[in-house]
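The following note sets out points for a colleague reviewing this entry.

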Amino acid sequence: MSDVVEKTLTALPSLLSLDSQPGSAKLSSTSKLGNLIRGITELTSKHEEEKLIQRELASIKEQVSSPNTSMRQMKELMVRAIYCEMLGYEASFSYIHAIKLAQQGTALEKRVGYLAVSLFLNESHELLLLLVNTVLKDLQSTNLIEVCMALTVVSQMFPKDMIPAILPLVEEKLNHQKEIIRRKAVLALYKFYLIAPNQVQHIHNKFRKALCDKDPGVMTASLHIYLQMIQENPEGYKDLTASFVTILKQVVGGKLPMDFNYHSVPAPWLQIQLLRILSVLGKNDQSTSEIMYDVLDESLRRAEMNHNITYAILYECVKCIYTIHPKSDLLEKAAKCIGNFVLSPKINLKYLGLKALTYVVQQDPKLALQHQMTIIECLDHPDLIIKRETLELLFRITNAQNVTVIVEKMLDFLRVSTDDYTTIDLVGKVAELAEKYAPDNEWFIETMNTVFSVGGDMMQPDIPNSFLKLLSEGFDSVEEDRKLRLFAVDSYVSLLQGEPGKLPQRFLQVISWVLGEYSHLRAELQPSTVMRLLSKLLDTKNTSSETKTWVLMTMTKLCEGAAGVSVAQEVSEAYSSSLDTVLRQRAQELQHLSQDSELRARVVPRDAGLEPLEVDSSLSFLDGFVSEALAAGAAPYKPPHQRQEELAQAKALSLEPYGLSLPISISSCSIADRQSPTLLSMSSGLSGDSTDLSHKGGSTTLKLDGVKRVWGKEGYLAQREPVEETAQVEVPSPFRSPSQQAEADSSHSQTPTPVPTPEPTQEKQQLASSLFVGLSSQSSVCLMGKSESAPQRFRRKAKSPSSSSGASEQISNSLVSAPSTVDNLLCDNLLDTNITSELAVSSPTQTSQLSQSLTTANGTCDVELTDTKGSNHSLIRDISVAVAADPTPHEDPDKPKDLCLSSHLPAELSGFSHSEITPLCSNQSLDLSACHVQQKDSLVLVVFIYNSSDSDIQQILLELDSDDLEVSGVCGSPVQEVGSQSVAVCQFSLSVKRPSVHVEVSGMVSYQLPVGTPQSAQFSYNLPLTSFIRPLTLSTEEYGTMWLAFSHDTKQNLTLINEGQESLAATLNVLKKKLQLHIVEIIGLEGIVACRLLQDQPCLMHCRVHAGTLAVWLRSPVPDLPDCLMYYCQRALQEH
Amino acid sequence: MMRFLLLFSRQGKLRLQKWFTPMAEREKKKIIRDMTTMVLARQPRSCNFLHWKDLKVIYKRYASLYFCLAVDNQENELLALEVIHRYVELLDKYFGNVCELDIIFNFEKAYFILDEFLMGGEIQETSKQMVNRSIEASDMLQEDDNSDWYEVELFG
């Protein structure tokens, strides 16, 4: 067919000039669009085109806004507007008319209207809201074509927040009598699933119905959703394996209607989809894999090599066979198949063959060996894409023996590649290989030099970071470390003597840091020489101010002797008036430190890189300054996200009327927006964002970057830590390559291009032997890139826990979350509320003392509960009861069931106070009850399942869900069966997603009696927000910094408890006792109190006695938390 | 999943654009520019596949028109080539010996055919007969909304 097109299309130029050609019969040559297009093709310059289009747009604009324009004319105008937009000219005036056309036109016009809308508007366009009603109407239309159009547009452009409005109608269409509607509905739901999986969660069983649809088209459509769901949770769908296999069998056997054939191949798209699903299901699962061996074999057999589409199926088949649990004869056939691909003269198939090889080479390295000559050919292929794919394959088979050749090939490619994305990716891979397999120092440093110069400023920042870390931490041998650093210094000095202006900024930063730290190793190198070289950098125009900062810091480390000091003075003078504040600060530092060598030795001690460094991330030393400024009338600092949020809230108001009918989550987008500004602010400077830095919880790890300018090594703690930790386990034995190998390597590293040998084939043979050197002799284990057991040169030195890794932890702790360190301190203070079970178990004597002291202190001891277990436990029980500070009352002794249930509380929880055990639901055979247990850092919901029948109950499945809470199962929770008259216990850990006064967990239990049908029951469990509140111990200073950082607040006047002079203290004590707050300080008529919502969402409270009432002001970074807490404060004081 | 489909001429003039995932206007313009330069610069006898960021781009030239389809990284390239080919076949069947001019002058028809063939970035209907039948049925739609009549045509 394509030949036919070729013929007609080559005649195109003549067609354009002559109207009366046969092919142009359908070209609406007389229409206005036709005239426009013709007009444009006749033009010669871009300028003329622009003039013509502007004229055209003006005339369209005039016509669309005229009231006399009929819908039919409007349709024609829209087509012209679309055309102008496609040429790159904006026609935004027509957008609203496109919507109108979709709304008011007849079916034919509507179709153009919808098309225009889907081309004009993107999903965030505000006009899209106007389309909702039209779509709703069309979805309900009796006209099938209108329904089809509506479903198409819905899947094309509806954003997340508009889905709820139309979801019920789309869902309804799953039962439509016409298969085309059902199919479109399934695809629309698939799209929804991709955008907002939680919104379609409730229709999972309907998907199953679509899978069983009698129309194969609907079934095919549903597979898209299944592939997605199975990828997310393969375990949940293993039972469907047999069904998928049966379907595939039928398809391969040609049982589908002819309509589904594509070039006489039965439903190739369906086949491929099924193969993908099967490979996910069979991965790492022998029994599931066994079900599919037969059908895979048949697929391989049936797909005859004659058409592209069968190759596509074969490729997918091969991938599937190599993914699932292996079976030798299938693997053999698949390998043969890959061979056919690789050896094919067709370039597309060769490409796919390379990809398949890359995929399987880790399991079957011999395959690469078989095709080595083809691989070599591909490496020299003129098509860069083929080359790139070959390098990917080589990357997977790199080992210590072939690393130099492969890295050389990669670097060659990098030098010609123009695509940034490829460069970033490849540079990362080279750096990884170099670090892993470097044969010697020279090669490593030179390779990294190339990486830095080629990778430039776009490479991943962790590459320079981990390189510097590697240099500074060193390896096992001190002598080797010295050599490596010395080589780096030499290499960098010679680079700086060359043309440093051409080097990327990142590289210059690396260079200056290394020179600052290690140039003293080279005794004959004068510090002043290095400083002069560096000062040349400062004068270069291209040098960024960040690099200049690095250079100034290096100078601070180097300025020794008269010559050095004079350079330092010169430089610091030049920059001490710089407009860049960071730069200015560094210049000032340089100036002062260069004059005071004693101080300098203390501030920047040589070789002190590995000393742990304490970072005061909250910048509390500035508090005095801040409070002075505030006292002087300065506006309190608002972190960027808060400013943004205020803006967003102002914006949100305009959407209010629409928000009534559709739940749009404006808050969620503002939260997403919030992330970036904080990150940005980090890179711009450290000084301003102190409050932001310290208390943001989770995302703080990212911000480690911000501290990198501190001269300690800790700044270079890259995320790679865990990987390197595993590497340390290996036996340390530095790799020594054979002498010839070393020679060959050094020749490679010194001369970038290998010496050409006269015989090209011989050259290839040589290359092959150097590329595949590790593959033939060694066992396959060595080839598995990641699990390389060959010796590794650059192994991180094993650290005692107290050194670097300990330091890193220290830093990250203090950085990541102030609250978490506070927790540890809290532990002792908390004894009046909680005791960790560990403590209780490990030292019973201590505990008993504690319990005594506590019981006497509190004056109550509930003896009812000290019944069941050994002495150790009963002690703990004592504590738990005596200590219970929960507002809910203790169990009444007249509730024997509760009592006996409480004995089933898991031992690890028995040390904590728990709420009253409340029944959830019960029927003839099962009784469900629950209580919650407050632990120091978590809240555990314990569900008791009591089987009151005389037979065992099986297949019990307990599921919990909540809008407000995060529910996660605690280990050992899934209960399978409960014996007759016995109790099983499930634990769930809860944390608050969205604070509200009462939070609710809803759940369902399903189970199976030995006889009879499966049963299920639903229940819900309420708990007050206070059970998630824990005291937060902090100092008044910390309180001050935090207070300013929080954006959500509420104020209210509460009643004071009237006890004369001490009324404030008394009131606060009541709150402390009832709500588990921590009183930070009471100063005169003011008091400050702090608490946290699990896990560590702080909430701060400021109270002031004013005119007989207590003015309470609550602040928190969490929305709604202040309001909820205010409610509880009020109640606590009223009840008192 | 497919991300976008572009049709452009040998001169780099855009003839049709379909975006299956939401994209900002600026991003679209950049992609169109990148695609035309990348694809038009390809040498003959190269493979039909390209990398663009984390996507795969599959292109094929039919006479003076380039079809350029971007898919997710784990998709099958050969299959994507067949998607393009089937679309060309559908156009050919509808227009009868399709040429670039058909697509220029009736680009909205080309969109309608595409919408029947692909939906939400996945294949919806692979049968030439079925796609054609639904397109023709909607084409014949009369203004007076005679729903019984075309239903026979479309779904009969």
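1. How many bridges join β15(A) to strand β16 of chain A, and do they run parallel or antiparallel? The two strands run antiparallel, and seven bridges join β15(A) to β16 (residues 1109–1116). It should be kept in mind throughout that the model is predicted. Within this pairing, Cys1103(A) stands opposite Val1112(A) in β16(A). The hairpin of β15(A) and β16(A) has two residues between the strands, and Ala1107(A) takes a positive phi near 50 degrees there.

2. Strand β15(A) also pairs with strand β14 (residues 1086–1093) of chain A, in the antiparallel sense and over eight bridges. A hairpin through three residues joins β14(A) to β15(A). Arg1092(A) is found opposite Pro1098(A) in β15(A). Strand β15 (residues 1097–1106) of chain A is mostly covered, seven of its ten residues being buried.

3. The next point is the contact between the chains. Chain A contributes 78 residues to the contact and chain B contributes 81 residues. About 7,500 Å² is buried between chain A and chain B, and carbon and sulfur atoms give 61% of that area. Met86(A), Arg111(A) and Trp269(A) supply 10% of the area that chain A buries against chain B, more than any other three residues.

4. Across the interface of chain A and chain B, 20 residue pairs are in polar contact, both residues being at pLDDT 80 or more. On the side of chain A that touches chain B, the largest share comes from α11(A), with eight residues. The residues of that side divide into 42 nonpolar, 17 polar and 19 charged.

5. Between chain A and chain B the count is six salt bridges. One salt bridge is formed by Lys13(B) with Glu49(A), with the closest N and O atoms 3.8 Å apart. Arg183(A) forms a salt bridge with Glu125(B), and here the closest N and O atoms are 2.5 Å apart. This pair joins two chains, because Arg183(A) lies in helix α11 (residues 179–195) of chain A and Glu125(B) in the loop between β7 (122–123) and α5 (128–140) of chain B. Arg183(A) has a relative accessible area of 5%, which is under 20%, and is therefore buried. Glu125(B) is likewise buried, with a relative accessible area of 9%.

6. Over all chains the count comes to 42 salt bridges. Asp138(A) forms a salt bridge with Lys110(A), the closest N and O atoms lying 3.1 Å apart. The pair links distant parts of the chain, 28 residues apart: Asp138(A) is in helix α8 (residues 131–139) of chain A and Lys110(A) in helix α7 (residues 107–120) of chain A. Both Asp138(A) and Lys110(A) are buried.

7. A further salt bridge brings together the side chains of Lys333(A) and Asp297(A), at 2.7 Å from N to O. Since Lys333(A) lies in helix α18 (residues 328–343) of chain A and Asp297(A) in helix α16 (residues 286–302) of chain A, the pair ties together parts that are 36 residues apart in sequence. Lys333(A) counts as partly exposed, at 37% relative accessibility.

8. Finally, a network of salt bridges links Arg388(A), Glu392(A), Asp425(A) and Lys429(A).

Notes. Residues are numbered from 1 along each chain as its sequence is written. Chains are lettered from A and ligands numbered from 1 in the order in which they are written. This is a predicted model: local features need pLDDT of at least 70, side-chain atom pairs count only at pLDDT 80 or more; totals for chains, interfaces and linings use all residues. Side-chain values use heavy atoms; hydrogens and water are left out. A salt bridge is a side-chain nitrogen of Lys or Arg within 4 Å of a carboxyl oxygen of Asp or Glu. Helices (H or I, at least four residues) and strands (E, at least two) are DSSP runs, numbered from the N terminus. Buried means under 20% relative accessible area, exposed over 50%, partly exposed in between (1.4 Å probe, protein chains only). Contact means heavy atoms within 4.5 Å. Buried area is the accessible area (1.4 Å probe) that two parts lose on being put together, summed over both. A polar contact is a pair of N or O atoms within 3.5 Å; within protein, one must be able to donate a hydrogen and the other to accept it, and residues adjacent in sequence count only if both atoms are side-chain atoms. Ala, Val, Leu, Ile, Met, Phe, Trp, Tyr, Cys and Pro count as nonpolar, Asp, Glu, Lys and Arg as charged, and the others, Gly among them, as polar. Two strands pair if DSSP finds at least two bridges between them.
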